[in-house]
Amino acid sequence: MRFPFRSKTTLRSLAALAVAGLTGLGLVACSGGSSQGSAGSATSGTINWWGWTPTNTAEANDFIAAFNKDYPNIKVNFKLIGISDYQAAMRPALASNNGPDVYDLQPGAYVQQFGSYAEDLTSSAQGALGSDWKSKLASIAVDGLTSNGKLTAMPIGSSYAGSLWYNTDLFKQYGLQPPKTLSDWKQVCQTFKSHGVGCFAQGAAQEGFDQDTLQAISNSIEPGYWTKASKGDAKWDSPQIVQTLSVWKDLFGSGIMQSGALGAQQYPDVNNAFLTGKYAMVMMGSWYTQYATQAAMTQSISAAGVAGAKPFPILPMQFPDVAGKGNTSEMFGDADYGLAVASKSQNKSAAETFVKWMSTSTKGQQVVADRLDTTPVLSGVAPDFNTIKFVDPAQQSGPVNDYLKKLVSVNEPRFALLNADVENAFLAAAQSVASGSATPQAAATTLQQAADAAKAQNK
Amino acid sequence: MTVSAQERLTRAAGYPSRPRGRRLQASGLPWILPALVLGVGLIYYCIGYTVYISTLNWDGASPDPLSVGFRNYSNIFSDPVFWKSIEHTVAFFVTTFVLQTALGVVFAVIMHSRIRLAVVYKVIIFVPVVLAPAIMAPVFRQVYAANGQFNWVLSHLGLGFLAQPWIGQTSTSLAVIIAITIWQWTGLTFVLYYAAMSQIDQSLLEAARIDGAGNIRVLWSIIWPNLRGTTLSLAILSAIGALKTFDVPWLVTVAGPSNSTQFLGTYIYQMTIQLAHVGYGAALSIILLVIALVMAIILQVAARERTGRP
């Protein structure tokens with residue numbers, strides 16, 4: 001068989017073409033970050049919003065539908081990306097010119113990793129709420145989304161952890177009261193276990209939830225110590241943290257934590273198990289308020305695979321005094337999520353309009369509040385309980401309202417002070433102690449080393 | 001200058017008059033050009049770029065990465081998680097290769113024994129190969145959970161004392177990953193051995209039978225030596241597969257608990273994507289590449305020595 005290219009010129013041309021192609025490939029690969037975006041119209045256009053939350057697309061579409069009543073000419077497309085895939089998806093998307101216009105940010109690691117791709121929204125907040133804008137938004141939410149003086153995202157809602165939720169039907173059925181101490185907790189779990197009912201479940205394979213439990217234990221041992229250590233004002237290898245890890249280990253050894261907790265994910269494993277009545281208690285925070293309602297509870301039980309879902313009432317409870325020191329284990333929290341405007345967006349003005357409406361308008365915040373998924377950040381906005389239907393209003397209305405009122409006074413951060421390396425070290429410490437591969441002291445020492453290394457890395 | 005008659009004929013026929021070797025070079029280049037562009041552009045360029053990144057302290061996004069020379073490499077060698085992942089890879093390779101080979105040969109021998117419904121059995125054995133790990137992972141998470149079906153089966157067999165949280169403890173999680181992998185890939189091993197056995201000269205088997213060899217003797221002295229080439233190919237595939245392992249440990253156990261199912265692939269992902277240590281992840285990738293190359297070369301050399309080929 002003969003090949004048609006016979007002359008050297010043709011061959012050289014082809015080789016040159018190949019080289020040019022390669023160079024072009026390289027240039028294309030290297031030129032992804034050159035665009036700086038443009039403003040566009042503030043009242044029209046199409047914007048793409050990417051986020052891991054709202055985890056329920058219908059909720060996001062409700063927000064968009066309410067927004068479109070005020071701004072009918074701005075089309076918002078919501079793309080849900082699972083939290084476990086979020087970092088993998090966002091890094092290349094934000095570095096390219098084809099990423100989202102608006103994206104979710106969470107205090108801590110996400111702000112550090114993706115905040116540099118966002119516009120500074122300080123002037124937008126000032127424009128919407130005036131020069132004293134900070135006083136009109138939940139400060140704990142604003143602080144977590146601010147990095148080096150830059151407001152990387154406008155907070156949409158706050159979330160608070162450090163509480164448990166329990167299935168009131170199961171507690172009533174066996175004549176039990178929510179535990180207040182560690183020994184109470186063990187006793188309650190023994191009773192449930194003797195009746196073949198799961199007591200407490202946690203997805204200990206997922207870092208954030210382990211961190212919540214550890215921080216709650218630490219707050220029972222010495223309130224505020226965890227936050228001091230997070231700020232670098234106290235050590236992670238101190239006796240307080242060693243005791244925290246010892247109590248954590250005790251939860252596994254004493255039968256409070258469910259069997260196989262180290263292999264379980266909080267979502268979907270534990271969430272589904274609790275909502276289908278297999279466990280009586282679960283470590284969840286303010287975002288779980290939504291499941292106190294008839295609609296969300298029914299929908300979630302169905303989503304967990306149960307036909308003919310029958311909702312049951314759930315109530316929040318304070319984390320038990322596991323240290324036995326009489327301390328109240330205070331809750332902690334920060335912005336559940338904020339919405340950032342991408343610097344490379346070609347519709348920055350429309351994107352800012354949407355973000356401002358969601359964060360600073362009463363209408364936007366009311367829609368957020370009424371879903372009970374996240375706590376509104378704009379002062380003066382609260383869920384409208386005339387329109388929200390609890391599973392058992394007589395039993396739930398009072399305690400849930402009290403719970404929501406208490407959240408306003410929470411001032412300890414949850415993720416805002418931590419970076420991904422330290423969070424990863426929490427998971428390693430929690431799992432190594434629970435599995436017995438490290439003592440609480442050894443794990444605490446490793447934790448301090450990780451924090452030191454992360455500090456040195458970020459200098 | 002004179003031109004020979006032969007050369008004139010050659011030119012008239014449109015063939016170039018250059019020596020044969022040069023002619024092949026010239027006409028061959030355009031043929032390999034697309035592959036060259038793809039190979040150099042997409043693979044070797046990326047490898048080179050990864051080597052460069054491995055010398056940086058970089059989060060993959062910031063415009064001013066810090067050059068750290070070979071510090072990422074020296075840090076890796078003192079990283080206990082890296083050594084854990086190497087241990088897991090070796091244990092994974094040895095166990096999966098030995099068990100898959102044993103099962104593959106046994107299934108292939110049985111299927112060559114003219115049993116009834118052989119086609120049905122072949123399909124059953126091969127089906128796991130075509131199922132995506134992403135689809136099967138949630139199933140295995142449920143099966144091996146503390147209150148999962150595996151423990152249910154154990155308790156109904158009177159072996160309830162063996163029930164345990166298989167993926168929720170460090171002592172058994174790696175065994176679960178190995179079991180899932182064997183379940184998934186034994187079908188491929190079986191198919192390759194089945195095909196290789198079809199190529200064995202029947203007269204050899206008949207001669208062995210006439211000499212009085214029993215089933216075990218035939219299997220060990222006639223069939224197994226004739227499968228050597230397939231076994232070596234499977235060893236190379238298993239070794240590279242073990243080094244690349246990512247999907248099953250990530251989807252079933254998220255490389256845990258406590259790094260007990262950590263592999264190089266999962267660790268690279270954690271470092272690069274979740275923790276944004278892109279330089280460190282790149283250095284891990286280069287080490288993975290070197291290990292894969294060394295292992296492939298060793299197995300190839302071993303194969304040539306065994307077969308006596310140069």
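Two strands count as paired when DSSP finds at least two bridges between them. I keep that rule at the head of the page for the sheet entries below. The model is predicted.

**Entry 1. Confidence**

I looked up pLDDT for chain A before anything else. The mean is 89, and 92% of the residues score at least 70. Two stretches stay under 50. Residues 1-6 of chain A are one of them, and the model gives this stretch seven contacts beyond four places in sequence. Residues 14-34 of chain A are under 50 as well, with 14 contacts beyond four places in sequence. Where pLDDT is low, the predicted coordinates should not be read in detail.

**Entry 2**

I traced an open sheet of six strands in chain A, in the order β2-β1-β3-β11-β6-β12, with mixed pairing. Which strands stand at the edges? They are β2 (74-80) and β12 (375-376) of chain A; each has a single partner strand, so one side of each lacks a neighbour in the sheet.

Next I went through the pairings. Strands of a sheet pair through backbone hydrogen bonds, either parallel or antiparallel. Strand β1 (residues 45-51) of chain A and strand β3 (residues 102-105) of chain A are parallel, with two bridges between them. Within this part of the sheet I noted Trp50(A), which stands opposite Tyr103(A) in β3(A).

β6(A) runs antiparallel to strand β11 (residues 332-341) of chain A, and seven bridges join the two. I picked out Met154(A), whose bridge partner in β11(A) is Leu339(A). β6(A) also pairs with β12(A), again in the antiparallel sense, over two bridges. There, Gly157(A) has Pro376(A) of β12(A) as its bridge partner.

Is β6(A) buried or exposed? I found eight of its eight residues buried, so β6(A) is largely enclosed by the rest of the structure.

**Entry 3. Nonpolar cores**

I listed the largest nonpolar core next: 92 residues. Those with the most contacts inside this core are Val102(A), Leu105(A), Ala340(A), Phe354(A) and Val355(A). I then followed Ala340(A). Leaving out residues up to four places away in sequence, Ala340(A) touches Val102(A), Tyr103(A), Leu105(A), Ala118(A), Thr152(A) and Ala153(A). I also found a second, separate core of 78 residues; Val188(A), Met257(A), Met297(A) and Trp250(B) are among its members.

**Entry 4. Domains of chain A**

I checked the domain assignment. Domain 1 of chain A covers 45-160 + 336-384, and domain 2 covers 163-330 + 410-458. Over C-alpha atoms, the centres of the two domains are 28 Å apart.

I then took the contact between these domains: 16 residues of domain 1 of chain A meet 15 residues of domain 2 of chain A. On the domain 1 side, the elements giving two or more residues are α4 (109-114), α7 (139-145) and β6 (154-161) of chain A. Which element gives the largest share of that side? α7(A) does, with three residues. By class, I read five nonpolar, seven polar and four charged residues on the domain 1 side.

**Entry 5. Contact between chains A and B**

I turned to the contact between the chains, which takes 30 residues from chain A and 32 residues from chain B. On the chain A side, α1 (8-30), α3 (83-95) and α18 (420-435) each supply at least two residues. The chain A side divides into 14 nonpolar, 13 polar and three charged residues.

**Entry 6. Chain B**

I counted 14 helices and two strands in chain B. Of its 310 residues, 30% count as buried. Among the contacts in chain B with a separation of 6 or more, 66% join residues 24 or more positions apart.

How many residues of helix α9 (residues 202-210) of chain B are buried? The count is zero among its nine residues, and I note the helix as hardly covered. After α9(B) comes Gly212(B), with a positive phi near 95°.

Last, I looked at Trp83(B), which lies in helix α4 (residues 80-111) of chain B. Why is Trp83(B) listed as exposed? The reason is its count of 12 other C-beta atoms within 10 Å, because a residue with 12 or fewer is exposed. I also checked Trp83(B) against Leu264(B): they are 181 residues apart along the chain, and their C-alpha atoms are separated by 9.4 Å.

Technical notes. Residues are numbered from 1 along each chain as its sequence is written. Chains are lettered from A and ligands numbered from 1 in the order in which they are written. This is a predicted model: local features need pLDDT of at least 70, side-chain atom pairs count only at pLDDT 80 or more; totals for chains, interfaces and linings use all residues. A nonpolar core is a set of buried Ala, Val, Leu, Ile, Met, Phe, Trp, Tyr and Cys residues joined through C-beta atoms within 7 Å. A residue is buried if 20 or more other C-beta atoms lie within 10 Å of its own, exposed if 12 or fewer, and partly exposed in between; C-beta atoms are placed from the backbone. Helices (H or I, at least four residues) and strands (E, at least two) are DSSP runs, numbered from the N terminus. Ala, Val, Leu, Ile, Met, Phe, Trp, Tyr, Cys and Pro count as nonpolar, Asp, Glu, Lys and Arg as charged, and the others, Gly among them, as polar. Domain bounds come from an automatic or database domain assignment. pLDDT is the predictor's confidence in each residue, from 0 to 100.
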